[in-house]
Amino acid sequence: MNFYQTENLKNLNHVKELAPEQMQAFSEFNKTVFQEGALSKKEKEMIAVAIAHVTECPYCIDSHTKKAKAVGATLEELVEAVFVVSGLEAGGAVTHSTHMENALDSEAADSLYNRSNLKKLGQLQKGAPEGFKAYSNFSATAMKEGKLSAKFKEIIAVAVAHATQCPYCIDVHSKNAVKHGATKEELSEAVLVTSALLAGGAYAHIANLIQSYGE
């Protein structure tokens with residue numbers, strides 16, 4: 001038994017019969033989000049490939065990689081986009097170490113998500129200096145301008161941060177993106193690509209639900 005056969009996607013043909021109204025609304029949502037706008041179709045598909053690596057949906061990775069290639073994205077660009085994901089995933093764990101520090105501090109405030117928590121990142125560096133140094137180098141390298149511009153990498157980072165639901169990452173990378181020239185429109189469209197991919201991951205896995213139900 002293999003849960004991830006591309007032929008499983010044929011099961012999605014039944015969704016229109018099983019939930020026609022929801023299927024129509026999802027299709028319109030997805031179609032609208034990927035229309036050319038402040039971000040090009042190529043940029044949106046590259047963001048989609050990045051988010052698919054957050055959701056770890058193999059159907060989405062396959063579909064959007066092919067769509068990104070069709071609108072001109074290179075393999076080098078896509079790999080760089082996914083390294084932004086890797087950097088953000090690592091950064092989410094690092095920034096959330098501030099909660100570990102708060103948990104060990106009986107005088108810490110009750111509010112879990114204060115922006116000022118980031119001041120406690122130095123504690124992680126003190127506890128594991130070599131690992132923290134290696135993380136810092138990796139994070140900076142992942143975000144460095146390459147085949148993708150620094151601006152677009154920050155836009156991807158904002159999209160990824162909404163998928164990982166890391167408020168520290170959203171705050172830091174939204175500000176970085178604006179510093180690099182990203183507009184509110186570009187960032188808004190990027191976040192909606194994230195929304196569509198999160199919805200799409202659940203939708204695509206209905207194929208597995210139908211497969212399992214029929215067995």
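Is Gln 165 buried or exposed? With a relative accessible area of 61%, Gln 165 is exposed, where exposed stands for over 50% relative accessible area, buried for under 20%, and partly exposed for the range in between (1.4 Å probe, protein chains only). The model described here is predicted, so local features are reported at pLDDT of at least 70 and side-chain atom pairs at pLDDT 80 or more, while totals for chains, interfaces and linings use all residues. Residues are numbered from 1 along each chain as its sequence is written, and side-chain values use heavy atoms, with hydrogens and water left out.

The phi of Gln 165 is near 60°, a positive value in a residue other than glycine. Glu 56 also has a positive phi, about 55°, although it is not a glycine. As background, most residues other than glycine have a negative phi. Glu 56 is found in the loop between H3 and H4, and with a relative accessible area of 61% it is exposed.

The axes of H3 (residues 41–55) and H4 (residues 58–70) come within 9 Å and cross at roughly 160°. These axes are lines fitted to C-alpha atoms, for helices over the stretch in contact, and the angles run from 0 to 180 degrees between N-to-C directions. The angle makes H3 roughly antiparallel to H4, a label given to angles over 145 degrees, with under 35 counted as roughly parallel, 65 to 115 as roughly perpendicular and the rest as oblique. On the H3 side, the contact (heavy atoms within 4.5 Å) is made by Glu 45, Ala 48, Val 49, Ala 52 and His 53, and on the H4 side by Cys 60, Ile 61, His 64, Thr 65, Lys 67 and Ala 68. By class, the residues of the contact of H3 with H4 are six nonpolar, three polar and two charged. Here Ala, Val, Leu, Ile, Met, Phe, Trp, Tyr, Cys and Pro count as nonpolar, Asp, Glu, Lys and Arg as charged, and the others, Gly among them, as polar.

H4 has another partner in helix H11 (residues 184–204), with the axes 9 Å apart and an angle of about 120°. H4 passes H11 in a right-handed crossing. Tyr 59, Cys 60 and His 64 of H4 meet Leu 197, Gly 200, Gly 201 and Ala 204 of H11, and this contact of H4 with H11 has four nonpolar, three polar and no charged residues. Elsewhere in H11 lies Thr 194, which is buried, at a relative accessible area of 2%. Leaving aside residues up to four places away in sequence, Thr 194 touches Ile 51, Ala 159, Val 160, His 162 and Ala 163.

Turning to charged pairs, the count comes to eight salt bridges, each a side-chain nitrogen of Lys or Arg within 4 Å of a carboxyl oxygen of Asp or Glu. One of them joins the side chains of Asp 62 and Lys 66 at 3.2 Å, N to O. Asp 62 and Lys 66 are four residues apart in helix H4, and so are separated by about one helical turn. Asp 62 is partly exposed at 32% relative accessibility, whereas Lys 66 is exposed at 53%.

Asp 171 forms a salt bridge with Lys 175, with the closest N and O atoms 3.2 Å apart. This pair is also about one helical turn apart, because Asp 171 and Lys 175 are four residues apart in helix H10 (residues 167–179). Asp 171 counts as buried at 18% relative accessibility, and Lys 175 is partly exposed at 43%. Salt bridges that share partners join Arg 115, Asp 171 and Lys 175 into one network.

The salt bridge of Asp 105 with Lys 120 has its closest N and O atoms 3.9 Å apart. Both residues lie in the loop between helix H6 (97–103) and helix H7 (121–127), so the pair ties together parts that are 15 residues apart in sequence. Asp 105 is partly exposed, with a relative accessible area of 31%, and Lys 120 is partly exposed at 26%.

Note on methods: Helices (H or I, at least four residues) and strands (E, at least two) are DSSP runs, numbered from the N terminus. A crossing is left-handed if the near helix is turned anticlockwise from the far one by less than a right angle, and right-handed if clockwise.
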